[in-house]
Amino acid sequence: MDMGTMILILAGGSLATAALGLLAKGVDRKVTARLQWRVGPPLYQPVIDCVKLLGKETVMPEVARGTGFLMIPLFGLAGACLAATLLWAMNLQTRVGFVGDAIVVLYLLTIPAVTTILGAAASGSPHAAVGASREAKLLISYELPLTVALLTAVVHTGGSFQIGAIVEAQRAAGAVATSVSGLLAFGVAMLCIQAKLGLVPFDQAEAETELMAGVYTEYGGPPLAVIYLMRFMLLAALPILLITLFWGGVQVFGWAGLASVGKFAVLIVLITLIRNTNPRLRIDQSLRFFWYFVTPVALAALAAALLGRAWEVSWL
Amino acid sequence: MSWKMWSLKRSLFVYHVNTGACNNCDIEILELLTPAYDVERFGITLVGSPRHADVLAVTGICTRQAAPRLREIYQATPQPCVVLCIGTCALGQGIFADTYHAGRCVDEVIREVDPGAIIAYVPGCPPKPEAMILGVVKVWKKLDELAAAAKPAPQATPVVEAARQ
């Protein structure tokens, strides 16, 4: 594959994910409004927000590290773009992958969180510093269960770390989530992506009632638009990751495509429901929750999947 | 109309600044987000940081302690931004005008920093949510005028004088 094709694929994947993410955020805000018995903003409100922020002034805080402060959101966006494009590519062309691309995608999906921490540290605001330390703690609490959940999917689908192989195995033998361990791992991954998206109950990093806007306190104007876009893209990419690993993969055409849209919508509404019906946890509570409850559940799912493979019990 | 103004009018992010209010106006501002009024229909949301904001909703008499903070918050807000003075206190300090801790009026403090600031006034103690929505509508009209004139000209409705009498 030459350079031009790769750039084209990257641009296409990123644009599709951005559009899907903006739509998902619109749905999220609309569903939130309906839950609170309100009418809510129009579906395209996130687009207007981003356009408006792009048209505003960039204010630099006096104490900020200028270059890092302004460049870091772009790195985060690049990470989200790459991860989303890889996911699309592996789903649509299951044979184009490389060995271990599932690990690469998981790694790329941590880049937005890491850049958020770095950007908050570069902004020089005490609110952002507290938010950054919370974001770091959240990162070390949810990464382990998410990885173990990924391993469960890998064990279920024949031990290959290629997303394409995982998707193909599911198309041949049914989704991972139809087994007991797969369902457990799916639930674990669902909680992890809630934390990865920084939504209630795991939004301690930008707890607006305690920390102003937390890690994003000092960002305004175009850099904030980039951060918003990064988060909207994650809102599209992470449900797609879940569908890919546990729920039969994403397809675009025909009835399977329609089913994929349905799956995506179900996950978005589920995320919105979780975020609207829960209070924010304290950071120590969420650390304890992920380490002492979610991680053992994920390990149990992995053990069940391994036993299921050893004894050849398909439902385990 | 330029795309900047078009999108600004449809997505006003509000940062709420309390410069020594009795919380009455603050409660009425929150009322705007409830199902009865639901200003999120027009893209208006409350944000946690002045860096994200387009509108500063200022309540309170602007005490001597609060004045420098208000000035800093206004400077931290990216342009174009609008100041919405809410309540009699924010307009002309009301019954607290002659007290020992009263600084200068909100609009005077802000005009010290930026003589061309766009300031809208919502009188009342506390103003009804409908009055605040009317204030936002006036802000929209002002933004339209500015977009039409293309050159920002500082003009504000002289409600302050009326409120002081």
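How closely do the axes of helix 3 (residues 66-76) of chain B and helix 5 (residues 106-113) of chain B come, and at what angle do they cross? The two axes come within 9 Å and cross at roughly 50 degrees. Here an axis is a line fitted to C-alpha atoms, for helices over the stretch in contact, and angles run from 0 to 180 degrees between N-to-C directions. Helices (H or I, at least four residues) and strands (E, at least two) are DSSP runs, numbered from the N terminus.

The structure is a predicted model, in which local features need pLDDT of at least 70 and side-chain atom pairs count only at pLDDT 80 or more, while totals for chains, interfaces and linings use all residues. Residues are numbered from 1 along each chain as its sequence is written, and chains are lettered from A and ligands numbered from 1 in the order in which they are written.

Helix 3 of chain B and helix 5 of chain B are therefore oblique to each other; angles under 35 degrees count as roughly parallel, over 145 as roughly antiparallel, 65 to 115 as roughly perpendicular and the rest as oblique. Helix 3 of chain B passes helix 5 of chain B in a right-handed crossing. A crossing is right-handed if the near helix is turned clockwise from the far one by less than a right angle, and left-handed if anticlockwise. On the side of helix 3 of chain B, the contact is made by B:Ala67, B:Leu70, B:Arg71, B:Tyr74 and B:Gln75, and helix 5 of chain B supplies B:Val106, B:Val109, B:Ile110, B:Glu112 and B:Val113. Contact requires that the C-beta atoms of two residues, placed from the backbone, lie within 7 Å. By class, this contact has seven nonpolar, one polar and two charged residues, where Ala, Val, Leu, Ile, Met, Phe, Trp, Tyr, Cys and Pro count as nonpolar, Asp, Glu, Lys and Arg as charged, and the others, Gly among them, as polar.

Chain B as a whole contains seven helices and five strands, arranged along the sequence as α-β-α-β-β-α-β-α-α-β-α-α. Of its 165 residues, 46% are buried; a residue is buried if 20 or more other C-beta atoms lie within 10 Å of its own, exposed if 12 or fewer, and partly exposed in between. Among contacts in chain B between residues at least 6 apart in sequence, 82% join residues at least 24 apart.

Several local features of chain B can be located in its helices and loops. B:Asn23, in the loop between strand 1 (13-18) and helix 2 of chain B, has a phi near 80 degrees, a positive value in a residue other than glycine. B:Asn23 is exposed, with 11 other C-beta atoms within 10 Å. Helix 2 (residues 24-31) of chain B holds B:Ile27, whose C-alpha atom is separated by 9.1 Å from that of B:Pro126, 99 residues away along the chain. In the loop between helix 3 and strand 4 (82-86) of chain B lies B:Pro80, and the peptide bond from B:Gln79 to B:Pro80 is cis, with omega near -5 degrees.

Chain B also meets chain A: 19 residues of chain B are in contact with 25 residues of chain A. Helix 1 (residues 3-10) of chain B gives the most to this side of chain B, with five residues. By class, the side of chain B that touches chain A has six nonpolar, seven polar and six charged residues.

Within chain A, helix 1 (residues 3-35) has 33 residues and reaches 47 Å from its first C-alpha to its last, close to the 48 Å expected at 1.5 Å a residue; the expected span is 1.5 Å times one less than the number of residues. The buried residues of helix 1 of chain A include A:Gly13, A:Thr17, A:Leu20, A:Ala24 and A:Asp28. An α-helix has 3.6 residues a turn, so residues three or four places apart point the same way. What covers the buried residues of helix 1 of chain A includes helix 2 (45-54), helix 3 (66-92), helix 8 and helix 9 of chain A.

The axes of helix 1 of chain A and helix 9 (residues 254-276) of chain A come within 9 Å and cross at roughly 45 degrees. That makes helix 1 of chain A oblique to helix 9 of chain A. Among the residues making this contact are A:Val27 and A:Val31 of helix 1 of chain A and A:Ile268 and A:Thr272 of helix 9 of chain A.
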